[in-house]
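The following exercises concern one protein chain. Each task is followed by a solution in steps.

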Amino acid sequence: KKATKEVLKQTALATLISAVAWPSMIKNFADMIDEPWTIAKIRSDEAGVELARCLVESDERQPVSLIGYSFGARAVFSCLNELARLQEEWEDDRAKNSPQIKSSPSKNSSSLQNVQGLANDINEKPKIKREPASIIEDVVLMGSPTYTDRKAWAACRRVVAGRLINCYSRKDWILTLIFQVRSSTGIFRRTAGTYPVEDVARIENVDCSDLVGGSHGDYCMVVHGILDRAGFGCS
């Protein structure tokens with residue numbers, strides 16, 4: 001066996017062996033970090049939903065700006081999508097509670113019941129204290145482990161009054177590798193942390209490939225530089 005391996009190493013088959021070995025090594029690496037990666041995604045999404053609910057239930061009236069990198073960016077993204085969902089609910093509730101003039105009521109008792117029912121709906125304490133679309137001012141996402149799904153990003157854009165900035169690095173091979181290897185569909189899909197978000201109005205994309213190299217962990221060391229490049233300001 002050892003002799004056979006040595007012969008193969010010296011022949012044209014060496015390239016083929018390497019081509020098979022590399023994907024196997026990559027898969028083993030992805031399997032090793034699969035569980036913490038999955039847990040981090042789930043908890044980021046849950047944290048984002050909870051943040052959105054805290055914001056709409058808060059008595060604070062000042063606008064809020066959100067900044068996050070890596071899974072922090074995913075949590076912010078989840079928060080924006082939840083705010084977009086809550087905004088739809090808020091608009092539906094307003095439409096239902098809007099007074100409507102009824103013409104030619106058949107019975108006085110029926111009309112009285114309608115008025116009383118409407119009064120109860122209006123006086124009912126709303127669960128959402130603030131219009132969700134009025135809360136967020138600016139958002140900066142850096143190295144976000146989310147897909148560049150146009151529908152999801154468009155929903156985020158609707159609840160951000162100011163700037164929505166996606167900072168990405170094409171050299172972040174860790175993010176690209178893990179996201180694609182763990183993809184259940186097997187179809188290549190762009191991630192916002194490694195590609196610009198396209199075909200969505202008023203999304204700003206900032207290329208930070210020269211600041212963030214092959215390590216996803218570089219973001220924590222260059223946050224100030226990225227914010228300066230985005231023109232967001234950092235003190």
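**Exercise 1: Confidence**

pLDDT, the predictor's confidence in each residue from 0 to 100, stays under 50 over residues 16-22, and the model has two contacts (heavy atoms within 4.5 Å) for this stretch beyond four places in sequence. This is a predicted model, in which local features need pLDDT of at least 70, side-chain atom pairs count only at pLDDT 80 or more, and totals for chains, interfaces and linings use all residues. Residues are numbered from 1 along each chain as its sequence is written, and side-chain values use heavy atoms, with hydrogens and water left out.

Task: State the average pLDDT of the chain.

Solution. The average is 78, and 67% of the residues score at least 70. Residues 5-10 have a pLDDT below 50, with four contacts in the model beyond near neighbours in sequence. Where pLDDT is low, the predicted coordinates should not be read in detail.

**Exercise 2: Packing of α3 and α5**

Task: Classify the angle between α3 and α5, and describe their contact.

Solution. Step 1: axes are lines fitted to C-alpha atoms, for helices over the stretch in contact, and angles run from 0 to 180 degrees between N-to-C directions. Helix α5 (residues 150-158) packs against α3 at about 70°, with the axes 8 Å apart. Step 2: α3 and α5 are therefore roughly perpendicular, a class covering 65 to 115 degrees. Step 3: F77, L80, N81, A84 and E88 in α3 meet A152, W153, A155, C156 and R158 in α5. Step 4: in α5, A152, W153, A155, C156 and R157 are buried, that is, under 20% relative accessible area with a 1.4 Å probe and protein chains only. Their cover includes α3, β2 and β3.

**Exercise 3: A loop glycine**

Task: Locate G213 and list its contacts.

Solution. G213 lies in the loop between β4 and α7 (223-229). Beyond four places in sequence, G213 touches S169, K171, D172 and D218.

Key: Helices (H or I, at least four residues) and strands (E, at least two) are DSSP runs, numbered from the N terminus. Angles under 35 degrees count as roughly parallel, over 145 as roughly antiparallel, 65 to 115 as roughly perpendicular and the rest as oblique. Buried means under 20% relative accessible area, exposed over 50%, partly exposed in between (1.4 Å probe, protein chains only).
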